[in-house]
Amino acid sequence: MGSKVEGSSAPAIRRDPYEVLCVSRDSTDQEIKSAYRKLALKYHPDKNTNNPEAAEHFKEVAYSYSILSDPEKRRQYDSAGFEALDTDGLDVEIDLSNLGTVNTVFAALFSKLGVPIKTSISATVLEEALNGTVTIRPLPIGTSVSGKVEKQCAHFFGVTINEQQAEAGLVVRVTSTAQSKFKLLYFEQDANGGYGLALQEDCEKTGKVTSAGMYFLHIQVYRMDSTVNALAIAKDPEAAFFKRLEGLQPCEISQLKAGTHIFAVYGDNFFKTASYMIEALCAKTYEDTTQKLKEVESQILRKRSELRQFETEYRAALARYQEVTNRYSQEKQSVNELLKQRDCVHSSFTVSRGLSSSTGSAGHMNNGSTAEKVSSEDSKAGSPGEDGTTDGKDKPTRKRWYNLNMRGSEKKLSEKDT
């Protein structure tokens, strides 16, 4: 029985991933990868342009592989089925050669904005490799080759190592100063004489260049897949930090035998060619570097475990912080409201009694002043002047200093002068 699921990354009807890939529950990672590659090639849209059923099968195969290729998602599915999985965190590869111009533009835009987009390898390239019809250029140990590869095409290289070099370890790296997008591919010899895809590494931007590498050092090394949980991270920006190390996945192959090994640089740009420089190194002269890589990746794995625990603590603390922040806002509003009510009570009390009291007092004072004024005027009007009349304006009741009789003084001064 299948169950319906929402979201563009999952098929309309979900089937058991093990059933879809035709593998058992105890299959190894390599067996799962091999089954996926065969089915993906069989149902690839490039080979089934007019077959919508094949497109659905391809989508279902990719969806199932996205679960079983991730150790954590596989464990979750094995324990509780689809209900234990976050469907938003399941990413499906898209085939650029089958998108069309408009959708390719949108995909390129999202990629420029920093959204990791997982792309699939062109079925033409895979089929030519399986048929053994690809051109392989030699890449001697300790040398490098530069080139430009068209979009959705690949340049193949053969790296030959002897027993001593195989024992010491091999490193193959690709860099692009033009910051082109590309994939580094490793192919194994197939039973029919062709080459089957065994490993692929998407380039990552490091500083001012893009780079990808494969390290066969006889120790467990890890690759970083930035597209893991990309959709979930986009919905929750804080998860970008906590999920950053989840993309660290163990490489399926840690050592190579003596012989010729096939690598390829696949152009993963949306529109233009990809510029690159590929080099092959023997790890014998990099023993200290190998040990340092082992130590650093061990620290990263420990830090990933610590972050998983810390995320739980952080989420709880964040929820508590939001709770107390809401409480703070509510309490602040409550305090402001209470103080406002208190001010209103004070204002009501003071204004209602003070106005009536002051109004009454002012009335009494005004009445008294008016009475005094009238009384004073009546008094002035009724008092007689020096001539016996009642008109105080004709002759003032008081003598001014400038009206004093100075005749006597003037007479005395005249007599004295004489």
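Reader: What is the bridge partner of T206 in β10?

Author: T206 has V209 as its bridge partner in β10, where strands are DSSP runs of E with at least two residues, numbered from the N terminus. The model is predicted, so local features need pLDDT of at least 70 and side-chain atom pairs count only at pLDDT 80 or more, while totals for chains, interfaces and linings use all residues. Residues are numbered from 1 along each chain as its sequence is written, and side-chain values use heavy atoms, with hydrogens and water left out.

Reader: What makes β9 and β10 a pair?

Author: Two strands pair if DSSP finds at least two bridges between them; β9 and β10 (residues 209–216) have three bridges, in the antiparallel sense. The open sheet of five strands runs β4-β14-β6-β10-β9 with antiparallel pairing, and β4 (144–149) and β9 (204–206) are its edge strands, each pairing on one side only.

Reader: Why is C22 called exposed, and why is C251 called buried?

Author: Buried means under 20% relative accessible area, exposed over 50%, and partly exposed in between, with a 1.4 Å probe and protein chains only. C22 has 64% relative accessibility and therefore counts as exposed, whereas C251 has a relative accessible area of 17% and is therefore buried. R25, at 47%, is therefore partly exposed.

Reader: How do you know that the side chains of R25 and D78 make a polar contact?

Author: A polar contact is a pair of N or O atoms within 3.5 Å; within protein, one must be able to donate a hydrogen and the other to accept it, and residues adjacent in sequence count only if both atoms are side-chain atoms. The contact between the side chains of R25 and D78 is at 3.3 Å.

Note on methods:
Helices (H or I, at least four residues) and strands (E, at least two) are DSSP runs, numbered from the N terminus.
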